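Colleague: Could you take one part of this model and go through it closely for me? Please carry on from there into the packing and the side-chain pairs, and give me the cut-offs as you go.

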Amino acid sequence: MADIGTRVSRATLQRLQGSTGVPSAVAALSVASGIEASPFHPEQVQMVNISPELAEKSAGTRYPLVHIYCERVTNQLREKFRRFSGKVRIAIEARVSQSRLEGIDAKSAFLADAVTEVLDASRGDWENGMFYSGGYEIAFGPVKQGGKNFIQTTKIVFEVDVSSD
């Protein structure tokens with residue numbers, strides 16, 4: 001049943017990379033708030049669970065980044081004749097990096113707002129037995145030294161109800 005987590009992660013990736021995903025949310029929030037934001041591209045949203053330290057070592061790391069991965073799969077067997085009926089917990093890590101400490105908190109909160117805007121607009125039936133009710137939890141991590149710059153990670157966690165044969 002581990003493929004359930006991968007399927008929900010892919011569905012999340014499609015929403016965050018899509019035409020109404022994070023790139024358009026960043027642009028819209030930038031205009032609405034008057035905060036200047038660098039262009040955000042769909043390839044900056046990735047389905048990978050990698051620590052910031054390892055990401056720094058890989059060539060071509062371009063910030064800001066959004067990483068999506070499955071944290072937990074729970075088969076609650078709520079539906080008697082289904083093979084899987086339960087919850088999948090998805091984590092989204094929004095990472096920002098810059099050379100100065102000033103303003104990194106604001107950039108991190110801005111990117112988290114863009115991600116949650118997409119999640120708010122994605123409530124409901126995700127098809128293929130997936131349903132997102134709309135709740136999420138945000139945890140703002142501390143600023144750390146990351147390579148030559150400072151890095152801050154904001155983690156957004158939510159659950160998707162899944163029914164599958």
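Modeller: Let's start with A55, which lies in helix α3, residues 52-57. Helices here are DSSP runs of H or I with at least four residues, strands are runs of E with at least two, and both are numbered from the N terminus. This is a predicted model, where local features need pLDDT of at least 70 and side-chain atom pairs count only at pLDDT 80 or more, while totals for chains, interfaces and linings use all residues. Residues are numbered from 1 along each chain as its sequence is written, and side-chain values use heavy atoms, with hydrogens and water left out.

A55 is buried, with a relative accessible area of 3%. Buried means under 20% relative accessible area, exposed means over 50%, and partly exposed is in between, with a 1.4 Å probe and protein chains only. Not counting residues up to four places away in sequence, A55 touches I50, T61 and R95; contact means heavy atoms within 4.5 Å. F131 is 76 residues from A55 along the chain, and their C-alpha atoms are separated by 31 Å.

Leaving aside neighbours within four places in sequence, S30 is in contact with I35, E36, A37 and F110.

Now for the packing. The largest nonpolar core has 34 residues, and V22 and I92 touch the most other members. Two or more residues of this core come from each of α1 (2-17), α2 (22-33), β2 (65-75), β3 (84-98), α4 (104-121), β5 (130-132) and β8 (149-164). The most, eight residues, come from α4. By nonpolar core I mean a set of buried Ala, Val, Leu, Ile, Met, Phe, Trp, Tyr and Cys residues joined through side-chain atoms within 4.5 Å. Apart from neighbours within four places in sequence, the contacts of I92 include T12, L16, V66, V115, L119 and F158.

On to the charged pairs: the whole structure has 10 salt bridges. A salt bridge needs a side-chain nitrogen of Lys or Arg within 4 Å of a carboxyl oxygen of Asp or Glu. R7 and D3 form one, their closest N and O atoms being 3.7 Å apart. Both lie in helix α1, four residues apart, about one turn of the helix. R7 is partly exposed at 28% relative accessible area, and D3 is partly exposed at 40%.

R78 pairs with D161 in another salt bridge, again with closest N and O atoms 3.7 Å apart. This pair links distant parts of the chain, since R78 sits in the loop between β2 and β3 and D161 in strand β8, 83 residues apart. R78 counts as partly exposed, at 48% relative accessibility.

R123 and D120 also meet in a salt bridge, at 3.5 Å from N to O, and D120 is partly exposed at 28%. Shared partners join E71, R89 and K155 into one salt-bridge network.

One last stop is the pair of β4 (residues 124-127) and β5, which run antiparallel over three bridges; strands pair if DSSP finds at least two bridges between them. G124 stands opposite Y132 in β5. The hairpin of these strands has two residues between them, and N128 there takes a positive phi near 55°.
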